[in-house]
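Let's walk through this structure together, one piece at a time. Keep the 3D view open as you read.

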Amino acid sequence: MKSKDFILGIKDGIPIGLGYLSVSFGFGITAVRLGISVLSAFIISLTNLTSAGQAEGVNIIASHGTLIEMALVQLVINLRYALMALSLSQNLDRSFTLRHRFIAAYGITDEIFAVCATKKEPITPVYMYGIIIVATAGWTFGTFLGAAAGEILPADIISALGIMLYGMFIAIIVPPASKNKSIFVVVAFAAAMSTLCRYFLTFLSSGFVVIICGISASLIGAWLFPVKEAEKT
Amino acid sequence: MSIALYIIVMAGVTYLIRMLPFAFFRKKIKSVFLRSFLHYIPYAVLSAMTIPAIFYSTGNFITAAAGSVTALVLAYFDLPLIVVAIAASAAAFGAGIFF
């Protein structure tokens with residue numbers, strides 16, 4: 001029963017791991033372009049397991065930001081995980097003791113949450129471990145490949161690949177924004193504000209721009225278009 | 001400052017955000033406003049991170065713009081993440097040959 005759940009987790013983790021392989025490749029390239037070593041990029045991926053937080057994190061490292069800025073940026077960008085963790089915690093198997101919760105919490109990402117949240121039966125620790133192992137393998141290996149490629153490939157290819165990670169972010173936000181007016185307004189407002197900050201409030205570092213724009217655009221969204229339980233994605 | 005310090009703060013904060021609610025909270029968030037706010041956060045944050053930074057991501061405004069437009073169009077037609085990302089890079093690389 002236990003090992004069956006583990007195998008099932010591994011199976012469910014494979015598509016996630018493959019997807020992570022390509023996103024983290026983009027992260028590896030971005031990190032190395034910012035002067036971060038292959039080993040550091042790998043450790044960042046292993047210890048954080050999150051795309052947007054890491055992407056902004058390496059920006060802060062490269063621009064020698066403060067640790068307070070780093071902490072606040074991670075808090076805001078990754079705040080959604082708190083909500084996912086909360087939601088997952090409602091449907092855990094009885095075998096999910098506190099110790100297991102401490103370990104499995106490491107692996108709460110958008111994709112792993114999505115897979116676990118659609119399960120009808122209570123989630124067991126071994127099932128989550130199965131998914132997390134495959135996802136983490138894809139995430140760290142992709143980072144390593146991207147970072148290593150960043151050190152080997154010719155400069156003009158590397159600069160073209162620098163857009164990869166942002167291209168993926170576009171691919172994440174454009175489809176829901178084009179179908180959903182409220183998301184479109186939030187996304188457009190955040191983009192406009194961030195552009196204004198970039199050119200007119202130049203004393204703000206990129207991390208604080210993300211915090212200010214992310215929070216204010218989301219507040220406006222929550223105020224103008226409150227989301228009812230049923231339509232939550 | 002040592003990069004290890006940055007990584008410890010980064011990983012520590014990210015872990016606590018996941019672990020605290022997962023391990024200790026047992027109630028649901030009832031406030032519609034708070035739930036809505038959390039619902040919009042990922043879109044708002046990704047948008048603010050991407051624009052205008054994407055235009056500086058290749059070190060050349062024109063090649064980055066070519067890649068950005070490609071990404072926007074393909075994403076609009078719901079193509080998979082990896083296809084959008086590779087096409088954006090290819091467009092930036094192609095534009096780099098001319099500019």
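Start at a helix in chain A: the buried residues of α12(A) pack against α3 (51-62), α4 (67-77) and α11 (181-200) of chain A, together with α2 (32-50) of chain B. Here a helix is a DSSP run of H or I with at least four residues, a strand is a run of E with at least two, and both are numbered from the N terminus. Buried means that 20 or more other C-beta atoms lie within 10 Å of a residue's own, exposed means 12 or fewer, and partly exposed is in between, with C-beta atoms placed from the backbone. Among the buried residues of α12(A) are Val209(A), Val210(A), Ile211(A) and Gly214(A). The 19 residues of α12 (residues 206-224) of chain A should span 27 Å at 1.5 Å a residue, and the end C-alpha atoms are 27 Å apart, which agrees; the expected span is 1.5 Å times one less than the number of residues.

A word on the model itself. It is predicted, so local features need pLDDT of at least 70 and side-chain atom pairs count only at pLDDT 80 or more, while totals for chains, interfaces and linings use all residues. Residues are numbered from 1 along each chain as its sequence is written, and chains are lettered from A and ligands numbered from 1 in the order in which they are written.

Now step back to chain A as a whole. Chain A has twelve helices and zero strands. Buried residues make up 51% of its 233 residues. Its C-alpha atoms fill a box of roughly 60 × 50 × 35 Å along the principal axes.

Next, look at Val45(B). Leaving aside neighbours within four places in sequence, Val45(B) is in contact (C-beta atoms, placed from the backbone, within 7 Å) with Ala52(A), Val76(A), Ile77(A), Val210(A) and Gly214(A).

Finally, visit some backbone details. Most residues other than glycine have a negative phi, and most peptide bonds are trans. Leu49(A), in the loop between α2 (38-48) and α3 of chain A, has a positive phi near 50°. Is Leu49(A) buried or exposed? With 25 C-beta neighbours inside 10 Å, Leu49(A) counts as buried. His64(A), in the loop between α3 and α4 of chain A, also has a positive phi, about 55°, but His64(A) is exposed, with 9 other C-beta atoms within 10 Å. In chain B, the peptide bond from Ile51(B) to Pro52(B) is cis, with omega near 5°.

How values were computed: Contact = placed C-beta atoms within 7 Å.
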